[in-house]
Every structure is written in C-alpha cells, then in structure tokens.
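This briefing is intended for a reader working from the sequence and the coordinates. Please consider the points below alongside the display.

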Amino acid sequence: MLIGLVAGLVGLALGTFGVLAYRVSEKQRHLLDIDAEEIALPAGAAEVLAVVGRAFVVVDAVDGVVRASPAAYAYGLVRGHTVVHKELLDMTAGVRRDGVILEKQLELPRGPLGQGTIIVQVRAAMLGEEYILLLADDRTEITRTEEIRNDFVANVSHELKTPVGAISLLAEALESSADDEEAVRRFAKRMHKESGRLAALVQDIIELSRLQGASVTQEGGPVDVNAVIAEAVDRSQLPAESKNIRIVVGGRTEGRVFGDQDLLVTALRNLIDNAIRYSPANTRVGIGVRARDGLVSISVTDQGEGLSPEDQERVFERFYRVDAARSRHTGGTGLGLSIVKHVASNHGGEVTLWSQPGQGSTFTLRLPEMEGQDGEEEPQLPALPAAAKQGPVKPSVTQVPRAAGAKERGANA
C-alpha cells in the first residue's frame, strides 16, 4: 500500500507539472501571436512598398529594422536588423519628435572600409502610428554627372577667356602701333597664333558635344581599319613635317570594325597629333595594328618624356594638361584624349596607356572586331601620302625598335 501511495503521489505531481507546462506554453504562444500582430505593417503598406521602386527601411519605436528591401542592404543602409548611419537615425528621431516629413540628400560611406561613398535622396515619414518609413533613391550617378557638367562649363569659360583676352590686348597694341611696321607684323603674328588656338579649342568642344549625342549603333557601319589609319596619318603629316618627325606604320589587319569612320579617324588623329606634339624633333612616331581574340588594337608610340603614374591616372580627363605652360606653347587644348576616350566608349572599346618617365608613351585603342566577315574580300589599304613613304619603311614591319617594345607592353597594359 505504501508503494502504491507513493506511485499515486508521483503520478499526481507529474500530471500537475504537465498541466502547468501546457498552460505556460499556451501563454507564451499567445504572447508571440501578439508580438507578430504588433510588427505587422498597416494594411496595403507591404504591397505598395514592393512596387515603389526605391530602397526602403521600416523601423519601429526603438529604431529596430522591421522590414527592409534588398536594395537597402545593397546600398549599405542596413546591416542585420540595424540602421547603419547616424544621419538616418537623426531623421527618424526628427520625424518621431515633430511628426513631420523630412527629406534630405546625404552622402554616406558605402561600406565599413575604403573611401567609396553613395549619394542618396532620403525621405522619412510616419507609417501608421508607431513605424517610420525611410525611402532612399540612389542619386550618385546623377550628382556626379551634374558635377562633371558644371566643371566642364567652368573649364570651357576659363579656356575661352585666355585666347579671347589675348586677342583683345593684341588688337589694342596693334591699334596703338599703327605706324610701326615691325610691331604691326609682330602683333599680327601673335594674333594669328591666338586665333588658331581659339579655333582649335572651339573645334574640340564641338567634337566632344557631337560625340555625346552620337549614336554609333544606329548610324555606324563596317569600317576598314587600314583606311582609318591611312587617313589619320595623312591628316597628321603637316605637324610631323614641321618637326621633322617621321610617322612609321607597321602591320595591317583584314578585319573590320563596326562604327563611324569619321569619329575613328578623329580619335586616331588626336593620338598621333598628341604623340607628335610631345616628341622631340627629328624622331619617329610608331603606329602598329593587330587583330587578336576578337579585338583590333591600334597602338601609337612616341619618343617623348613619358608620364608619371599620377599623370597617367588623370590624362584622359577633360582639359587636364600634364604641363599647362608647355601645352600653351605647343597649342594643346586638353580635350584630345578625352575625345579619344569617348570615341572608344561609343564603339564598345577602350583606350589604354603604357608610359614610363624617360621611355615615351604608348596609347592603345582597342575595338571589337566586326563579326560575320567570312567570305568578304580583303580590304585594300589606300596608298599612304608620299611623306609617309619616305625612308626604308616596309608596310608589314614596325621600324622603330624601342617603339615596338613599348607597343607590345602598351597593348597588354
């Protein structure tokens, strides 16, 4: 009987404990259901946020992230269940305190490391009675484009002001020296030089504007690269002869590229003129062409002073000059390489640079080779001008030993 009594008491205790555990479990489940209902967004809010087209973050009364879009995580606004940036938390505090809608443009770090930033237009507003919604629109590219445009206008104004002011002063000096024949000739020569510089600058600005509006896809066609090289060399003969620089062409390609021949000639002519401008007199400028792996590469090599690593990073910027005083002396506008970069980009290609101080520079223009050329006749290379044929230069061999080495490194830069 004692054993039966003990067993009954143990069973009663276990039963009581089971009932109590069940009731506790039900109570906890009820509390969880209440919490789930509390973090539920207002009716229809989730559907609207799904189609709003912006990154969004919904935070609760203690700035915990209730819901966030994938874009919010991609922009680095949210990490886990936490809003990362203090600027966003300040906006939510302001909305919670004043009950108004706030909108700001913020420049925020893109990640915990590095110097990368993202510019976002953020709008903060109440969502229901206890949540705050943050809407973020990425305006990084738009803002940078506006900055580039503003810088471009400012640079153009500055660059135009210099020759215009010089011509004005020379005209006054010319007027006051009308009786001095030698002074008149000297001032007239200076005016002619400044007007030529002004005309070149205006022409480069026109070319750059035309490039930004050109549609190679709609207006382009098959282009013979050999013909582009021949025409560009022909247009560069006068400045080359003035410094006794010989332009050496090596190689040819049977492939064609799809694009605008006039734009490609302009780009290559700018590279050749740049090489002539910064090469010493009585030297050579080498031009090599080859087709490999679906790309046509045209390399232009000079025997100038070369570029430092700092200059190489900025040389394709608009109006950037390695040596402003020397550029004024040589007549450079600072837009030539920027035009080359735009032409390459519009044709789906790129322009790269290899350079070392004291060893010259090589600019390589790479363009995708046009597909579906099988069975076409081999394009004929137009005859080079007489000046380009002088000397023992064979069309299939680059005659400049140092340029050839630089070209190979430049092609792989």
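Thr301 is found in strand E12, residues 295-301; helices (H or I, at least four residues) and strands (E, at least two) are DSSP runs numbered from the N terminus. At 3% relative accessibility, Thr301 counts as buried, where buried means under 20% relative accessible area, exposed over 50% and partly exposed in between, with a 1.4 Å probe and protein chains only. The side chains of Thr301 and Thr362 are joined by a polar contact of 2.9 Å, a term for a pair of N or O atoms within 3.5 Å in which, within protein, one must be able to donate a hydrogen and the other to accept it, residues adjacent in sequence counting only if both atoms are side-chain atoms.

The model is predicted: local features need pLDDT of at least 70 and side-chain atom pairs count only at pLDDT 80 or more, whereas totals for chains, interfaces and linings use all residues. Residues are numbered from 1 along each chain as its sequence is written, and side-chain values use heavy atoms, with hydrogens and water left out.

**Overall composition**
- The protein chain has 14 helices and 14 strands.
- Of its 413 residues, 39% count as buried.
- Among contacts (heavy atoms within 4.5 Å) between residues at least 6 apart in sequence, 66% join residues at least 24 apart.
- The accessible surface of the protein chain comes to about 23600 Å², with 54% belonging to carbon and sulfur atoms; accessible areas come from the Shrake-Rupley method with a 1.4 Å probe, and for residues only the protein chains shown count as cover.

**Salt bridges**
- Eight salt bridges are found in the whole structure, each being a side-chain nitrogen of Lys or Arg within 4 Å of a carboxyl oxygen of Asp or Glu.
- One of them joins the side chains of Arg96 and Asp63 at 2.9 Å, N to O. This pair links distant parts of the chain, 33 residues apart: Arg96 lies in helix H4 (residues 86-98), and Asp63 in the loop between strand E1 (55-59) and strand E2 (65-68).
- Arg96 counts as partly exposed, at 34% relative accessibility, and Asp63 has a positive phi of about 65 degrees although it is not a glycine.
- Asp98 and Arg97 form a salt bridge of 3.3 Å, N to O; Asp98 is partly exposed at 47%, while Arg97 is exposed at 62%.
- Arg185 and Glu181 meet at 2.8 Å, N to O, in a further salt bridge. Because they are four residues apart in helix H6 (residues 181-213), about one helical turn separates them, and both are exposed.

**Helix packing**
- Helix H10 (residues 261-277) and helix H13 (residues 336-346) pack at an angle of about 145 degrees with axes 9 Å apart; axes are lines fitted to C-alpha atoms, for helices over the stretch in contact, and angles run from 0 to 180 degrees between N-to-C directions.
- Residues of H10, including Leu263, Leu264 and Ala267, meet residues of H13, among them Leu337, Ile339 and Val340.

**Helix H8**
- Eight of the 11 residues of helix H8 (residues 225-235) are buried, so the helix is largely enclosed by the rest of the structure.
- Among the buried residues of H8 are Val225, Asn226 and Ile229.
- At the start of H8, a side-chain oxygen of Asp224 reaches to within 3.1 Å of the backbone nitrogen of Asn226.

**Asn244**
- Asn244 lies in the loop between helix H9 (237-242) and strand E9 (246-250).
- Although Asn244 is not a glycine, its phi is positive, at about 55 degrees.
- Asn244 is exposed, with a relative accessible area of 51%.
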